Amino acid sequence: MRFRSTLSLIPILLPLIIIAAAPPRVAAQVDEKEKTEKELAKRQDLQKKTLSLLDETVGAAWSLKLPENRSYVLTKAADLMWPHDEKRARGLFWEALNSLNPPGNQALDASTPKNPPANDSAKPSAPKTPTKEQEQILNQYYATLQKRREFLRKVAWRDPQLALDMLHASRPPLPRQIAGAFLPVDETDLEQEITYAAAARDPKRALQIARESMAKGLTFQILNLLNQVAQQDEDAGSQLAGEIIAKLNTENFNTSAYAPYIAIQLLQLSRTGGAILMASVPPDSSFKRLKLDDNQKQDLVDMLTNAALNVTKPEHILLNIRFVMPEIEQYAPDRAAKLKVQLTDFNRTLPQAQQDWNNFNARFENATPEEMIKAANKVGDDQRATLFHQAAAKAVARGDADRYRELINSQVESEDERKAALDSLNSEQMYYDLSEGKTDDLDKLLPLIRAREQRAMAMAHLAIMLEKKDQHEEAVKLLDEARALVKVDLTNEKESNSLLAVMLGYSLVDPPKAFAMIEPIIDRTNEDVSKLVLLDKIAKSGAIKNGEIIINQPQIPIDFAMLQYSPGVAALGRADFDRTKALADRFQRNELRIVARLLLAQAILKNFEK
């Protein structure tokens, strides 16, 4: 456990390295023309140095012992290289795939046959109970397939056709030890996903592909294609949606695993406001809602309610139809009442825990914060925290945070529950004030935030907001106060997050202080990792293989950390490159040093792409 805790710091430390070296804040003392020329020259020099660093990192990748580590680095490098040297980037993608594939199944280049002949004479027998050795081999096989799937999706983002070529050229066969006992994985869905990604760039081609696909049957992938087309061309998206609805009219909702889900998604995607509860939708305002007319919405509601009110009482529909109850009440009010009765009866057949949560959602979906607080003692302990969180979110969204705070203090008797409710409110209010840029409101909130780590985070983000308003001295003072609240406990997630927030603030307000903070933290991590690598030889953690830390694993969510702290990374356009590179090189272990350099290059080059 200690080893995994220390490894989880790596995605925290790496972003800190690359955000810590922004240059000192200086006043504008040169004319605009001179300033523009200097910025352009600096940008060109920085890009040249960064591409050189990327070259060095690619060369260093071959020193990595683990093929999966080498593939990870080469994949990242290929993606970064693409806008600058597409031919070389393609070669790196093929190298990454060859590193990922098991020996004997390399896809050496694009000339590899795309559809190797299958051995139909060796049909796998029915699955049997696997031996322990077969289980291990099978798990390794599935893990390789999953890594390959993730890799191909990354390639498809740059060039879907290249991803398809790689998919066809690198289908990994079952290992011989299990080839007769298990069926190979069907990759039709992955192939369709990539095909749709390629087609989505051309709406006319996408419509053709969609028609061909729907002629064979509906799948979930049609929704991905629809979403991509609609974001590029609203009219083409509406046309495709109409054809999907026409196809749904021919489906049996009681037996189809896809039709009810697709109908529900279409209704949600066409909402002019409110949540899309089941779709993966970007939370930004640029998302374009699907355009459906009233007749199309009526058709979808009729299909769903006809199936839900069927005598067979299809469970897969009744479990999800509540997500579109607003549309049902609007377009089929006479059926809505019957459906609610049916849902009540159906709910009684579910396990008790699921019944409780369904009742909870139905009871409080439209309740006011005051009604929710009054009901706090009438729900279970496991539901109370959710109740406080939902009530706080509603109160903040309605601008009633102060009144809700008074309700908590006057009506929640238990001190522990009162603190929990206030913590939820403070958290919701903090993020709302940050998103709205309300510095005065956030400043007033600071004394009310009970948790030290949360208060430090709020102070750091407020400092960044003040710096943007040219209140530099106030921002520095606030960060210094926040730093005093932070403890350097690298195995504690809350402490680490607050430390990162303060570091992020310093990187944008007073960079030398950020730099001074990061060096001893890296040194300390080097010591901890060295000790724990030795310990891993005795107590296996699963995080090390062949003496090397596995880079891409759930305990080290590097990509997420880079995305989460992108505001600090954006300052790299003015960074002291050599100083930052020295910080990356401060890591003693080769694999960590390579990844630190790679992420430094990623931060700079991705910023140039924007």
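## Overall build

Among contacts in the protein with a separation of 6 or more, 69% join residues 24 or more positions apart. This is a predicted model, with 30 helices and 2 strands. Of its 610 residues, 47% count as buried.

## An enclosed helix

Let's start with α12. The buried set runs through Ala259, Pro260, Ile262, Ala263, Ile264, Gln265, Leu266, Leu267, Gln268 and Leu269.

What do the buried residues of α12 pack against? Their partners are α10 (221–232), α11 (234–248), α13 (294–308), α14 (315–318) and α15 (325–331).

## A pair of helices

Next come α5 and α6. The axes of α5 (residues 86–100) and α6 (residues 132–158) come within 10 Å and cross at roughly 170°. Because angles over 145 degrees count as roughly antiparallel, α5 is roughly antiparallel to α6.

On the α5 side, the contact involves Phe93, Ala96, Leu97 and Leu100; these meet Thr144, Lys147, Arg148, Phe151, Val155 and Arg158 in α6. A general point about helices is handy here: an α-helix has 3.6 residues a turn, so residues three or four places apart point the same way.

The structure holds 3 cavities of 30 Å³ or more, and the largest cavity contains about 130 Å³ of space. Which residues line the largest cavity? They are Glu68, Ser71, Tyr72, Thr75, Leu100, Lys147, Glu150, Phe151, Lys154 and Asn552.

Helices α4 (67–81) and α6 each supply at least two residues of that lining. The lining divides into 3 nonpolar, 3 polar and 4 charged residues. There is a link to the helix pair as well: Leu100, Lys147 and Phe151 line the largest cavity and also take part in the contact of α5 with α6.

## Two loop residues with positive phi

Two loop residues are worth a look. Asp470 is found in the loop between α23 (452–468) and α24 (472–485). Its phi is near 65°, a positive value in a residue other than glycine. Is Asp470 buried or exposed? At 60% relative accessibility, Asp470 counts as exposed.

Asn546 sits in the loop between β1 (544–545) and β2 (548–549). Phi of Asn546 is near 55°, again a positive value in a residue other than glycine. With a relative accessible area of 58%, Asn546 is exposed.

Note on methods: Residues are numbered from 1 along each chain as its sequence is written. This is a predicted model: local features need pLDDT of at least 70, side-chain atom pairs count only at pLDDT 80 or more; totals for chains, interfaces and linings use all residues. Side-chain values use heavy atoms; hydrogens and water are left out. Buried means under 20% relative accessible area, exposed over 50%, partly exposed in between (1.4 Å probe, protein chains only). Helices (H or I, at least four residues) and strands (E, at least two) are DSSP runs, numbered from the N terminus. Contact means heavy atoms within 4.5 Å. Axes are lines fitted to C-alpha atoms, for helices over the stretch in contact, and angles run from 0 to 180 degrees between N-to-C directions. Angles under 35 degrees count as roughly parallel, over 145 as roughly antiparallel, 65 to 115 as roughly perpendicular and the rest as oblique. On a 1 Å grid over the protein atoms alone, a cavity is a set of points where a 1.4 Å probe fits but cannot get out, and a pocket is an open set with protein on both sides within 12 Å along at least five of seven lines; lining residues have an atom within 4 Å of a point. Grid points are joined across faces, edges and corners, and a volume is the space filled by probe spheres set on the points. Ala, Val, Leu, Ile, Met, Phe, Trp, Tyr, Cys and Pro count as nonpolar, Asp, Glu, Lys and Arg as charged, and the others, Gly among them, as polar.
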